[in-house]
Amino acid sequence: MRENIESIVKHFNTYISIKNIIKLRFRGGPKSHIFLITDKENNKKYILKKIPNDYDVKVEKSAICTNILRNEGIYIIPEYYYSDQNNYTYKSKNGTTWEMETYIDGLNCKPLEINSKTAVSLAYQIGYIHKVFMEINDSVLNINFESEIDFINMIDDTQHLRTINYMNELLTYNIPAKDKLITEIYWEKYQQVRNEIFNNIRNLTKKKINKTLIHRDITFGNIIFDNNKENVTGIIDWDTVMLGANLQDVCYTIGHYLVDTRNKAHTIDLVSSFLKAYISTSDLSKYEILYIPEIVDLFLLRTTGWRTKNYLNSLKENKNEKPYYYVNVYKRKILYWVKKRDKIKNWLEYITNKL
Ligand SMILES: Nc1ncnc2c1ncn2[C@@H]1O[C@H](COP(=O)(O)OP(=O)(O)O)[C@@H](O)[C@H]1O
Ligand SMILES: [Mg+2]
C-alpha cells in the first residue's frame with residue numbers, strides 16, 4: 001500500500017520525501033480513503049484523498065476559491081496541490097482519482113462541547129471569509145460557476161415531489177405500528193410547514209440579499225479547532241462551495257451545529273454570541289436577520305426529506321442483517337424534528353428580536 005500511495009504523491013508538486021503514512025478512518029462521506037502523510041525533512045503534514053471520479057470539477061472549484069482566500073492572507077484554509085496532469089486532481093492508471101492538500105492540525109469540537117468563545121471564533125472566521133469574498137466580488141463573479149444556490153430551489157416543487165414519492169413508497173411498506181408516527185404525524189406536519197416556509201421564503205427572495213461565495217457545509221466535521229477547542233484553526237472540505245446568500249452559511253451552521261435542544265440556555269447563549277460576532281465582522285441587514293429563524297427552519301425541514309429517503313433505503317436494504325439500526329437512526333431524527341421544531345423556531349425568534 002505504501003508503495004502505491006508513494007507513487008501517487010509523486011504526481012503532486014509537493015516535492016516531499018515521505019516519513020510515514022497513516023490511513024484515517026471516517027464513516028460515510030464520498031471520499032473513500034484519506035491518508036495523513038508526513039514529510040521527512042520538516043515534518044510538515046499533508047492529506048491525500050481518494051475521491052469519486054466525477055469530483056474533478058468540485059476539487060477545481062475548491063482550489064480556486066481557497067486560493068483566493070489564501071492570497072488575501074487567510075491561512076486557516078487548506079492549500080490544494082497541483083498535479084502533473086495540469087489540474088488539482090490526479091487520475092492514476094487504474095482509474096482512481098486523488099487530491100492532495102495541506103493538513104490542518106487540531107481537533108473537531110462536538111456540538112455539546114461548544115462554548116461562547118468557540119462560537120465567536122467561528123463567527124469571526126466565517127464573517128471574515130464572506131467579507132473578503134464580498135470585497136473582491138468581481139473576481140469571484142468571474143469564476144464560472146454553472147449554478148447558483150437559492151433558498152427557493154432548496155424547497156422547490158422538484159424537491160418536494162421527490163419527498164412525496166419517497167413517502168408514498170414508504171407507505172407501501174408494512175411498517176410496524178409504532179413507526180406509523182412518521183407516516184401520520186410527521187407527514188402531515190411536513191406538508192403544512194413546507195407550504196408555510198415556501199411562501200415566506202418566496203417573499204425574502206424578492207428583496208435584495210447579500211450574495212457571494214459560500215461554503216455551504218460549515219459544521220462539525222469540517223471545522224478544526226485548537227487544543228482548547230476555542231479557536232478555529234481550519235475550515236476544510238470546500239467541495240460544496242457555490243455562489244449563494246451569506247445568510248445560508250450562517251443559518252446552516254446555526255441549524256446543524258449550534259442548536260441543541262438538550263439545553264435551552266446553552267443554545268440561546270451560543271447562537272446570540274455567534275450572530276453578534278458575525279454581524280460585527282460581515283454584514284447582515286435587519287431584513288436578513290429577521291429571516292434567520294425561517295431559514296434555519298428550512299434547513300431542518302430539508303434534512304427530514306433526505307432522511308425519509310434513507311429511512312426508505314434502509315428498510316429496503318436491511319431486510320436480513322442489522323435490521324433496525326439505521327432505520328432507528330433516521331426515524332429518531334425525523335421524529336426529533338416533529339417534536340422540537342416549534343421550540344427551536346421560538347428560541348431563534350427570541351434571539352433575533354433582541355439583536
Ligand atoms: N486538510 C485537512 N486537514 C485536517 N484534517 C482533514 C483535512 N482534510 C480532511 N481532514 C479530516 O478528514 C475528515 C473528512 O474529510 P472531508 O474532506 O471533510 O471529507 P467528507 O467529504 O467525508 O466530509 C475531516 O472531518 C477531517 O477530520
Ligand atoms: Mg467533510
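How many helices and strands are there in the protein chain?

1. Fold content. The protein chain has 12 helices and nine strands. Both are DSSP runs, numbered from the N terminus: helices are H or I with at least four residues, strands are E with at least two. This is a predicted model, where local features need pLDDT of at least 70, side-chain atom pairs count only at pLDDT 80 or more, and totals for chains, interfaces and linings use all residues. Residues are numbered from 1 along each chain as its sequence is written, chains are lettered from A and ligands numbered from 1 in the order written, and side-chain values use heavy atoms, with hydrogens and water left out.

2. Overall shape. Along the principal axes, the C-alpha atoms fill a box of roughly 60 × 55 × 40 Å.

3. Packing. Of the 355 residues, 52% are buried. Buried means under 20% relative accessible area, exposed over 50%, and partly exposed in between (1.4 Å probe, protein chains only). Among contacts between residues at least 6 apart in sequence, 74% join residues at least 24 apart. A contact means heavy atoms within 4.5 Å.

4. Metal site. Asn222 (OD1) and Asp237 (OD) coordinate the magnesium ion (ligand 2) at 2.1 Å. The two residues are 15 apart and link distant parts of the chain: Asn222 is in the loop between strand S6 (211-214) and strand S7 (223-225), Asp237 in the loop between strand S8 (232-235) and strand S9 (242-245). Asn222 is buried at 8% relative accessibility. Asp237 is buried too, at 15%. Donors are N, O and S atoms within 2.8 Å of the metal (3.2 Å for Na, K and Ca); water is not among the atoms, so sites may look incomplete.

5. Backbone points to check. Asn86 is not a glycine, yet has a positive phi of about 65°. Asn86 lies in the loop between helix H2 (56-71) and strand S4 (90-91), and is exposed at 58% relative accessibility. Lys229, not a glycine either, has a positive phi of about 55°. Lys229 sits in the loop between S7 and S8.

6. An exposed lysine. Lys178 is in the loop between helix H6 (157-171) and helix H7 (180-206). Lys178 is exposed, at 59% relative accessibility. Lys10 is 168 residues from Lys178 in sequence and 56 Å away in space, C-alpha to C-alpha.
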